Amino acid sequence: MNRVYSVAQDRSTSAFTPLHCKNEELELQNLLHKNLDLIPGDQIDPENPRRWLLVKREMIVEDPGTAEGRWSLDFLIVDQDGIPTLVECKRFKDTRARREVIGQMFDYAANASFYPSRDTLLQYLEERARDRGIEIEELIASLEPVSGTFLDSFLELIENNINQGQLRLVFFMEQSSPELRSIIAFLNSQMERTEVCLVEANQFQNGESQVTKLVLQQAELLCGEWAA
């Protein structure tokens with residue numbers, strides 16, 4: 001994890017201390033829930049920056065063999081093209097943040113065709129609209145989807161992407177291991193329809209001030225970093 005400094009008017013510097021996440025839900029999931037743009041849509045697609053809409057947090061994923069809830073996906077979000085984006089948050093010191101999280105994410109992706117139905121998608125989006133105190137049509141319009149603001153067209157777009165395996169898998173972490181970065185680079189080099197991204201949200205603190213430095217990896221090299 002690189003260092004971060006604040007610069008005073010006299011040009012003196014003060015170092016921020018690196019932080020390691022202790023509570024995954026409070027320090028990573030809640031951070032992302034309130035700031036979906038921490039998934040850098042402008043770097044994922046510089047020519048057509050991705051815009052995000054939350055569909056469901058902590059979505060239960062059923063086992064197709066038993067029809068019982070087996071997994072819980074941290075976030076299901078969609079972009080303006082109706083591409084479902086599956087997001088898992090893991091703290092660095094969680095040993096599952098290395099290999100197990102890859103298998104966990106592919107369980108979600110492999111069973112995506114079994115969830116959610118159009119009615120379930122509609123239910124989730126209606127819940128989001130109520131949370132924001134707006135009508136569902138206004139919620140959809142805020143994303144500026146390519147299908148226009150028609151609800152049925154947007155739901156159909158999401159369904160078609162799921163059925164065709166057009167997905168995006170995002171690992172949102174405070175820090176990642178070289179092994180995980182290598183795995184993600186390999187997966188992206190082999191898959192055509194499904195995109196895999198790693199977003200590092202490095203945390204730093206100086207007194208009462210806290211910053212998050214973001215690093216995106218899609219392929220073999222780190223694509224960029226900036227402070228938020």
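Predicted model: local features only at pLDDT ≥ 70, side-chain atom pairs only at ≥ 80, totals over all residues.

1. A residue counts as buried under 20% relative accessible area, as exposed over 50%, and as partly exposed in between. At 63% relative accessibility, Arg 11 is therefore exposed. This residue belongs to the loop that runs between strand E1 (4-7) and strand E2 (13-19). Arg 11 is not a glycine, yet its phi is positive, at about 75 degrees.

2. The protein contains seven helices and nine strands. It has 228 residues, of which 45% count as buried. When contacts between residues at least 6 apart in sequence are considered, 58% of them join residues at least 24 apart.

3. Glu 58 has a phi of about 55 degrees, although it is not a glycine. Whereas Arg 11 is found in a loop, Glu 58 lies in strand E3, which spans residues 53-63. Its relative accessibility is 34%, so Glu 58 counts as partly exposed.

4. His 33 is part of helix H1, residues 24-34. Is this residue buried, exposed or partly exposed? His 33 has a relative accessibility of 36% and therefore counts as partly exposed. Leaving aside residues up to four places away in sequence, His 33 touches Leu 54, Arg 57 and Phe 75. The C-alpha atoms of His 33 and Asp 74 are 9.8 Å apart in space, while the two residues are 41 residues apart in sequence.

5. Helix H3 covers residues 100-110, and Val 101 is found in it. With a relative accessible area of 1%, Val 101 is buried. Between Val 101 and Glu 88 the separation is 13 residues in sequence and 8.0 Å in space, C-alpha to C-alpha.

6. Val 101 is one of the buried residues of H3, together with Ile 102, Gln 104, Met 105, Tyr 108 and Ala 109. Why are these residues on the same side of H3? The reason is that they cover an arc of only 165 degrees around the axis.

7. Helix H4, residues 118-132, consists of 15 residues. From its first C-alpha to its last it reaches 21 Å, close to the 21 Å expected at 1.5 Å a residue. The buried residues in H4 include Leu 121, Tyr 124, Leu 125 and Ala 129, and also Glu 127 and Arg 128. After the helix comes Gly 133, which has a positive phi near 70 degrees.

8. Helix H5 takes in residues 136-143, and Ile 136, Leu 139, Ile 140 and Leu 143 are buried there. These residues cover an arc of only 95 degrees around the axis, so they lie on the same side of H5. Just after H5, Glu 144 has a positive phi of about 50 degrees.

9. How are H4 and H5 arranged relative to each other? Their axes come within 8 Å and cross at roughly 90 degrees. Angles of 65 to 115 degrees count as roughly perpendicular, and H4 and H5 are therefore roughly perpendicular to each other.

10. The contact of these two helices can be described residue by residue. From H4, the residues involved are Leu 122, Leu 125, Glu 126, Arg 128, Ala 129 and Arg 132. From H5, they are Ile 136, Leu 139, Ile 140 and Ser 142. The residues of this contact divide into six nonpolar, one polar and three charged. Leu 125, Arg 128 and Ala 129 are buried in H4 and also take part in the contact with H5.

11. The last point concerns Asn 161, in helix H6, residues 151-163. Its relative accessibility is 10%, so Asn 161 counts as buried. Which residues does Asn 161 touch, if those up to four places away in sequence are not counted? They are Asp 81, Gly 82, Ile 83, Pro 84 and Gln 166. Asn 161 and Gly 82 are 79 residues apart along the chain, and their C-alpha atoms are separated by 7.1 Å.

Definitions and conventions: Residues numbered from 1 in each chain as written. Heavy atoms only, no water. Helix = DSSP H or I, 4+ residues; strand = E, 2+ residues; numbered from the N terminus. Expected span 1.5 Å × (residues − 1). Buried < 20%, exposed > 50% of the residue type's maximum accessible area, 1.4 Å probe, protein only. Arc of directions from axis to C-beta. Axes fitted to C-alpha atoms, helices over the stretch in contact; angles between N-to-C directions. Parallel < 35°, antiparallel > 145°, perpendicular 65-115°, else oblique. Contact = heavy atoms within 4.5 Å. Nonpolar A, V, L, I, M, F, W, Y, C, P; charged D, E, K, R; others polar.
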